[in-house]
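Here is a friendly walk through one model, written for someone who likes to know the cut-offs behind the words. Please have a look at the sequence and the structure first.

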Amino acid sequence: MAQSRSGAPRDRASDVRELVIDRVGAQGDGVARDGERQIFVPFTLAGERVAVTLNGPHVTLDNVVVASPDRVAPVCRYFGHCGGCSLQHMAPAAYLSWKHDQVAAAFNSRGIETVVDATMPARGPRRRAVFSAHQHDHNVHLGFHAAGTHDLIDIAECAVLDRRIVAALPAVRRLIADLLPKREDVRVTVTMMSSGLDVGLDEVRRVLSPDVRTELARQAAAVPLARVSINGDTIFEALPATLHFGSTEVAVPPHTFIQAVREAEADMAELVIAAVGSAKTVVDLFSGVGAFTFPLSQRAKVAAYDSDANALAALQAGVKRATGIKPITTQVRDLFREPLSALELNAFDAIVFDPPRAGAEAQARMIAKSKVKTVVAVSCNPATLARDARVLMDGGYALKRVTPIDQFEYSTHIEAVATFVRDNPKR
């Protein structure tokens, strides 16, 4: 039986028809209209006439009858099955324009009319991948889930990953083979650190005996890997798993967030530094291990806040090894439950905040009450960025610039950096 994108089989009630795609929606699917109903068709582009099969809520693209001039051949043989990418069929110029328009639409939905910069294109491979793995027929399957399903697509290559990660996949399969429970997925995070590959396994339920730990360490040394951790516990470490932020090397703990693409991180840092300008004191909220803290510290004193104590400990250890930077202080604080107050914020010339996808509404409300002249927001979610921007603007800030950055090439994810200035600081 033919399968839909969601894996549902066609049945006798399936409805076959032709549709015209009006636009590409926020999740990357083409949107067609059937009377009052919207139908979302994966892997289609605006203006295309397509043949589809409707099976209840599931939609299968059967054929592109009339293709868009923006349709191109995908770069990966797994495209359309693997859920990691959704837009490889869109020509580069149209793709970057679509990402730009998603950011503009998010701001427009909040009543914010602003000029959005052209999307900065992806400039490098991803240095981090989060795979799923399980045992099937005595083989280790390692890859990504098909879109909207629990079906695991076993991969041997990936067009968007650092080639060193791809080259290590056979060794990673061998390393984890004895740890995988039957019929249960394990999450495998592989990161290309400055010192080598870091492999972290999560959701491993097996209790590791000393003999198993010794064997894992032996295999990791043979690959060689920089570090192996299981459920956050370091099993093997040949070298500290480090990354450079600005000119500073930081040993990054397991389970710590980092940006997926080094070049995108550099682009964001450059925008942040330009936005704060000549500020002498900067507060870096949701700082993590210091992706922006250290570049900022080359010209300003920085206070870094984050709820992740391990990340801040790593940042502080990096400070002790750094040279040529201004003073950096750190404080563990849950900024969702206890955002910095306006009075606390007023001690700084500029604010930088880079929250998770949920945004930082509570913190934005405190910023809106402050006297700080310059605020820079970094976001991986245009919708919550626009919401927080509305809060800042209602508090008297002017939105000066919004720049989208394509960190996750071929996906619907969009990074953005927005700059706000209070032209008439509160007295």
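## A hairpin to start

Strand 2 (residues 30-34) runs antiparallel to strand 3 (residues 37-41), and the two pair over 5 bridges; pairing here requires that DSSP finds at least two bridges between the strands. Val-31 has Phe-40 of strand 3 as its bridge partner. The two strands make a hairpin with 2 residues between them, and Gly-35 in the turn has a positive phi of about 70 degrees. Helices (H or I, at least four residues) and strands (E, at least two) are DSSP runs, numbered from the N terminus.

## How the model is read

This is a predicted model, in which local features need pLDDT of at least 70 and side-chain atom pairs count only at pLDDT 80 or more, while totals for chains, interfaces and linings use all residues. Residues are numbered from 1 along each chain as its sequence is written, and side-chain values use heavy atoms, with hydrogens and water left out.

## Helix 6

Helix 6 (residues 309-321) has 13 residues, which should span 18 Å at 1.5 Å a residue; its end C-alpha atoms are 19 Å apart, which agrees. The expected span is 1.5 Å times one less than the number of residues. At the N-terminal end, Asp-308 caps the helix, with a side-chain oxygen 3.0 Å from the backbone nitrogen of Asn-310.

Which residues of helix 6 are buried? They are Ala-311, Leu-312, Ala-314, Leu-315, Gly-318 and Val-319, where buried means under 20% relative accessible area, exposed over 50%, and partly exposed in between (1.4 Å probe, protein chains only). These buried residues fall within an arc of 155 degrees seen down the axis, so they line one face of helix 6; the arc is that of the directions from the helix axis to the C-beta atoms. Asn-310 and Lys-320, on the other side of helix 6, are exposed. The cover over the buried residues includes strand 14 (248-251), helix 5 (293-297), strand 16 (301-306) and strand 17 (328-332), with contact meaning heavy atoms within 4.5 Å.

## Helix 8

In helix 8 (residues 361-368), the buried residues are Gln-363, Ala-364, Ile-367 and Ala-368. They cover an arc of only 145 degrees around the axis, which puts them on the same side of helix 8. An α-helix has 3.6 residues a turn, so residues three or four places apart point the same way.

The buried residues of helix 8 pack against strand 15 (281-285), helix 7 (342-345), strand 18 (350-353), strand 19 (374-379) and helix 9 (382-394).

## Salt bridges

The whole structure holds 26 salt bridges, each a side-chain nitrogen of Lys or Arg within 4 Å of a carboxyl oxygen of Asp or Glu. One of them joins Asp-117 to Arg-401, with the closest N and O atoms 2.6 Å apart. This pair links distant parts of the chain, 284 residues apart: Asp-117 is in the loop between helix 1 (92-108) and strand 6 (128-136), and Arg-401 is in strand 20 (residues 398-405). Asp-117 is partly exposed at 21% relative accessible area, and Arg-401 is partly exposed at 40%.

Arg-227 and Asp-198 also meet in a salt bridge (2.9 Å, N to O). Arg-227 lies in strand 11 (residues 227-230) and Asp-198 in strand 10 (residues 196-202), so the pair ties together parts 29 residues apart in sequence. Arg-227 is buried, with a relative accessible area of 4%, and Asp-198 counts as buried at 8%. Elsewhere, Glu-361, Arg-365, Arg-387 and Asp-388 are linked in a network of salt bridges.

Notes: Polar contact = N/O pair within 3.5 Å; in protein donor to acceptor, adjacent residues only side chain to side chain.
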